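Visitor: I'd like to learn how to read a model like this one. Could we start with its pockets and then look at some side chains?

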Amino acid sequence: MTDTRRDWQHKLSTAIIRDNQAVYVEDLCVVGLGRTRLAKSVHDAGWADFTGMLEYKAARYGRTFARVDRFFPSTRMCSDCGRINDKIALNVRSWTCPCGADHDRDINAAMNVLAAGRADNLNDRGARVRPPAMVAPRGEAVIHPDAACATRSVEGIAVR
């Protein structure tokens, strides 16, 4: 079972990193979630292993990876107006903000996590503060096949 889960996590994390330039995840308190009635499901998911895979693969492929603080109100904050609502019970899957926007709980949280992750990497004018190191695409990183066979000499020394 462990090998099957790890294989699936590797395949999914590789696909996510290859398909996206930036990945932002919410830093969840897995230990706290493990104390609830969903403990078995939480521990079976292997969230810490999965986010670890995302992090090192993002570094390998030159992508941006960031964690958003677990206390960020991603679910309660309106992604349109920024208003933070009161606590919402877990069984409430959609809600309406006083500004008139209708929100699905998960989609709204995803939009807020994306905005928070981008805000950490951008300055006040929207420019990237420190561009991440980029790995050259496979087609651009090759050496010309005739480069090693040059017969030019440099200051009288033949290059072979």
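Guide: The largest pocket has a volume of about 1,300 Å³. On a 1 Å grid over the protein atoms alone, a pocket is an open set of points where a 1.4 Å probe fits, with protein on both sides within 12 Å along at least five of seven lines, and lining residues have an atom within 4 Å of a point. Points join across faces, edges and corners, and the volume is the space filled by probe spheres set on them. Of the 36 lining residues, Glu26, Leu28, Leu33, Thr75 and Leu90 are the closest to the centre.

Guide: Before we go on, this is a predicted model: local features need pLDDT of at least 70 and side-chain atom pairs pLDDT 80 or more, while totals for chains, interfaces and linings use all residues. Numbering runs from 1 along each chain as its sequence is written, and side-chain values use heavy atoms, leaving out hydrogens and water.

Visitor: Which element gives the most to the lining of the largest pocket?

Guide: Elements are DSSP runs numbered from the N terminus: helices are H or I, at least four residues, and strands are E, at least two. Here helix 5 leads, with 5 residues.

Visitor: And how many helices and strands are in the chain?

Guide: You'll find 5 helices and 6 strands, in the order α-β-α-α-α-β-β-β-α-β-β.

Visitor: Is Lys57 buried or exposed?

Guide: Buried means under 20% relative accessible area, exposed over 50%, and partly exposed in between (1.4 Å probe, protein chains only). Lys57, in helix 4, has a relative accessible area of 4%, so this lysine is buried.

Visitor: What is Lys57 in contact with, beyond its neighbours within four places in sequence?

Guide: Contact means heavy atoms within 4.5 Å. By that test Lys57 meets His10, Ser13, Thr14 and Ile17. His10 is 47 residues away in sequence, yet the C-alpha atoms are 9.5 Å apart. For polar contacts, look for N or O pairs within 3.5 Å; within protein, one must be able to donate a hydrogen and the other to accept it, and residues adjacent in sequence count only if both atoms are side-chain atoms. The side chains of Lys57 and Thr14 make one at 2.8 Å.

Visitor: Where is Asn112 found, and what does its side chain reach at 2.7 Å?

Guide: Asn112 is in helix 5, and its side chain reaches the backbone oxygen of Met77. Asn112 is buried too, at 4% relative accessibility.
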